[in-house]
Amino acid sequence: MTVEQRYKYWCDNVADPTLSLQLSALKNDPSAMEDCFFCDLEFGTAGLRAKMGVGSSRINLYTIRRATKGVADFLMQTQTVKC
(Lines give C-alpha, C1' and ligand atoms only; values in the text may rest on other atoms or scores of the structure.)
Protein backbone atom coordinates (compact mmCIF):
# COMPACT_ATOMS: atom_id res chain seq x y z
CA MET A 1 0.00 0.00 0.00
CA THR A 2 1.12 3.53 -0.64
CA VAL A 3 1.20 6.20 2.06
CA GLU A 4 -1.90 7.80 0.57
CA GLN A 5 -3.77 4.48 0.51
CA ARG A 6 -2.88 3.78 4.14
CA TYR A 7 -3.96 7.30 5.11
CA LYS A 8 -7.29 6.94 3.30
CA TYR A 9 -7.90 3.54 4.89
CA TRP A 10 -7.31 5.02 8.33
CA CYS A 11 -9.57 8.02 7.58
CA ASP A 12 -12.35 5.64 6.52
CA ASN A 13 -11.98 3.23 9.47
CA VAL A 14 -10.75 5.03 12.59
CA ALA A 15 -13.47 5.52 15.21
CA ASP A 16 -11.34 7.09 17.95
CA PRO A 17 -12.02 10.87 18.08
CA THR A 18 -8.48 11.77 19.18
CA LEU A 19 -6.91 9.84 16.31
CA SER A 20 -9.47 11.30 13.89
CA LEU A 21 -8.35 14.81 14.85
CA GLN A 22 -4.72 13.82 14.30
CA LEU A 23 -5.64 12.39 10.89
CA SER A 24 -7.31 15.66 9.91
CA ALA A 25 -4.17 17.56 10.85
CA LEU A 26 -2.11 15.40 8.46
CA LYS A 27 -4.29 16.12 5.43
CA ASN A 28 -2.22 19.14 4.31
CA ASP A 29 1.17 17.98 5.58
CA PRO A 30 2.64 15.38 3.21
CA SER A 31 5.91 14.97 5.11
CA ALA A 32 4.10 14.29 8.41
CA MET A 33 1.72 11.91 6.62
CA GLU A 34 4.71 10.08 5.15
CA ASP A 35 6.28 9.81 8.60
CA CYS A 36 3.10 8.33 10.12
CA PHE A 37 2.20 5.93 7.30
CA PHE A 38 5.45 4.91 5.55
CA CYS A 39 5.29 1.34 6.91
CA ASP A 40 3.42 -1.02 9.19
CA LEU A 41 4.83 -1.14 12.70
CA GLU A 42 6.58 -4.46 13.30
CA PHE A 43 7.06 -6.47 16.45
CA GLY A 44 10.81 -6.93 16.96
CA THR A 45 13.21 -8.25 19.56
CA ALA A 46 12.56 -5.14 21.67
CA GLY A 47 8.79 -5.48 21.27
CA LEU A 48 6.87 -2.60 19.72
CA ARG A 49 8.83 0.63 19.76
CA ALA A 50 7.70 3.81 18.07
CA LYS A 51 6.31 7.24 18.75
CA MET A 52 2.73 7.37 20.00
CA GLY A 53 0.21 8.82 17.58
CA VAL A 54 -1.91 8.15 14.56
CA GLY A 55 -0.66 5.97 11.72
CA SER A 56 0.51 2.51 10.82
CA SER A 57 4.07 3.28 11.94
CA ARG A 58 3.04 4.64 15.37
CA ILE A 59 1.95 3.14 18.69
CA ASN A 60 -1.81 3.50 19.02
CA LEU A 61 -4.91 1.46 19.80
CA TYR A 62 -4.96 -0.11 16.35
CA THR A 63 -1.30 -1.13 16.11
CA ILE A 64 -1.47 -2.64 19.61
CA ARG A 65 -4.57 -4.62 18.63
CA ARG A 66 -2.85 -5.85 15.48
CA ALA A 67 0.25 -6.97 17.38
CA THR A 68 -1.85 -8.66 20.07
CA LYS A 69 -3.80 -10.57 17.43
CA GLY A 70 -0.54 -11.67 15.82
CA VAL A 71 0.79 -13.02 19.13
CA ALA A 72 -2.53 -14.75 19.86
CA ASP A 73 -2.59 -16.34 16.38
CA PHE A 74 0.97 -17.57 16.85
CA LEU A 75 0.15 -19.08 20.24
CA MET A 76 -2.95 -20.79 18.88
CA GLN A 77 -0.90 -22.35 16.06
CA THR A 78 1.86 -23.57 18.36
CA GLN A 79 -0.33 -24.70 21.24
CA THR A 80 -0.12 -28.44 21.85
CA VAL A 81 -2.83 -28.71 24.52
CA LYS A 82 -6.29 -27.51 23.52
CA CYS A 83 -8.44 -25.82 26.17
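1. Ser57 contacts. In this predicted model, Ser57 touches Asp35, Cys36, Phe37, Phe38, Cys39, Leu41 and Ala50, leaving aside residues up to four places away in sequence. Ser57 sits in the loop between H3 and H4. Its relative accessible area is 6%. The cut-off for buried is under 20%, so Ser57 is buried. A polar atom of the Ser57 side chain lies 2.9 Å from the backbone oxygen of Asp35.

2. Arg6. This residue belongs to helix H1, residues 3–13. Is Arg6 buried or exposed? Arg6 is buried, because its relative accessible area is 13% and the limit is under 20%. A polar atom of its side chain lies 3.1 Å from the backbone oxygen of Phe37. Beyond four places in sequence, Arg6 touches Met1, Phe37, Phe38, Cys39, Asp40 and Ser56. Phe37 is also listed among the contacts of Ser57.

3. H1 against H3. Two packed helices are described by the angle between their axes and the distance between the axes. Here the axes of H1 and helix H3 (residues 30–37) come within 9 Å and cross at roughly 80 degrees. That makes H1 roughly perpendicular to H3. Which residues meet? From H1 come Val3, Arg6, Tyr7 and Trp10; from H3 come Met33, Glu34 and Phe37. By class, this contact has 5 nonpolar, no polar and 2 charged residues.

4. Glu4. Glu4 also lies in helix H1. Glu4 counts as exposed, at 52% relative accessibility. The cut-off for exposed is over 50%. Glu4 and Glu34 are 30 residues apart in sequence. In space, the C-alpha to C-alpha separation of Glu4 and Glu34 is 8.4 Å. Glu34 takes part in the contact of H3 with H1.

5. The buried face of H3. The buried residues of H3 are Met33, Cys36 and Phe37. Why do they line one face of the helix? Seen down the axis of H3, they fall within an arc of 80 degrees, so they share one face. The cover over these buried residues includes H1 and H2. Met33 and Phe37 are among the H3 residues that meet H1. Cys36 and Phe37 are among the residues touched by Ser57.

6. The start of H2. Which residue caps the N-terminal end of H2? Asp16 does. A side-chain oxygen of Asp16 lies 3.0 Å from the backbone nitrogen of Thr18.

7. Gly44. Gly44 is partly exposed, with a relative accessible area of 35%, whereas Ser57 is buried. Gly44 and Leu75 are 31 residues apart in sequence. Their C-alpha atoms are 16 Å apart in space.

How values were computed
Residues are numbered from 1 along each chain as its sequence is written. This is a predicted model: local features need pLDDT of at least 70, side-chain atom pairs count only at pLDDT 80 or more; totals for chains, interfaces and linings use all residues. Side-chain values use heavy atoms; hydrogens and water are left out. Helices (H or I, at least four residues) and strands (E, at least two) are DSSP runs, numbered from the N terminus. Buried means under 20% relative accessible area, exposed over 50%, partly exposed in between (1.4 Å probe, protein chains only). A polar contact is a pair of N or O atoms within 3.5 Å; within protein, one must be able to donate a hydrogen and the other to accept it, and residues adjacent in sequence count only if both atoms are side-chain atoms. Contact means heavy atoms within 4.5 Å. Axes are lines fitted to C-alpha atoms, for helices over the stretch in contact, and angles run from 0 to 180 degrees between N-to-C directions. Angles under 35 degrees count as roughly parallel, over 145 as roughly antiparallel, 65 to 115 as roughly perpendicular and the rest as oblique. Ala, Val, Leu, Ile, Met, Phe, Trp, Tyr, Cys and Pro count as nonpolar, Asp, Glu, Lys and Arg as charged, and the others, Gly among them, as polar. The arc is that of the directions from the helix axis to the C-beta atoms.
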